[in-house]
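Hi,

Here is the structure I promised to pass on. My notes on it follow just below.

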Amino acid sequence: MLQRMSGVFIGALFGTIFVIANAHAPLNPTIGVALRVLAVLTFAGLLALALRAGRRGGAAVGGPQTSQESWYGGKFGFVVAAEVVLMIGGNLALRGAGAPAETAVAWIALIVGLHFLALTAVWKRRSIAVPGTALTALGVIGLGMAATSAVAWVPFVSGVLSGVALLGGSAYAVTHAYRATVRP
């Protein structure tokens, strides 16, 4: 079960990283620390719940077993390669155009969100469209904010809130898998 949940753990890990890297000023330092601790505890809790579900012999997240080859095959590789190229190329272009440094996290959120939307079609799992749509929207909002006096809040909006969306989506998937192990 844990192997089939690798995508969930990757999402949760990156959600945690989004929060840790972006929960800083202009946030109150105490709130920033609290958000970081909460993100790490959430990740640890998700891992513990998934391990418990795995010991109970739970079903794969999202339904019947699917071979990893079909999940992580050529189409997945293409989506991830496009994501990397767009992240790097877009950030270089933004930097070259003189955009504020805060636009980097907004661009990353946008591209990660679009990557989830593409994977919705590849994996035929509508549930990942929810965090994909959230991250895409938070990325667009952050890019728009970068051109305003609210630029200092872009890391919170596009970073911390994107992390919360990823952790929330992962929590939904892990909880769903765990509940499947306790139902008759």
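Phe14 sits in helix H1 (residues 6-22); helices (H or I, at least four residues) and strands (E, at least two) are DSSP runs, numbered from the N terminus. This is a predicted model, in which local features need pLDDT of at least 70 and side-chain atom pairs count only at pLDDT 80 or more, while totals for chains, interfaces and linings use all residues. Residues are numbered from 1 along each chain as its sequence is written, and side-chain values use heavy atoms, with hydrogens and water left out.

Phe14 has 46% relative accessibility, so it counts as partly exposed (buried is under 20% relative accessible area, exposed over 50%, partly exposed in between, with a 1.4 Å probe and protein chains only).

The whole structure holds two aromatic pairs (ring centres within 6.5 Å, using the six-membered ring of Trp; planes under 30 degrees apart are stacked, over 60 edge-to-face, the rest tilted). Phe76 and Trp123 are stacked, because their ring centres lie 5.7 Å apart with planes at 10 degrees. This pair links distant parts of the chain, with Phe76 in helix H4 (residues 74-96) and Trp123 in helix H5 (residues 103-123), 47 residues apart. Trp123 is buried, at 14% relative accessibility. Trp153 and Phe156 pair edge-to-face, 6.0 Å centre to centre with 90 degrees between the planes.

Best wishes
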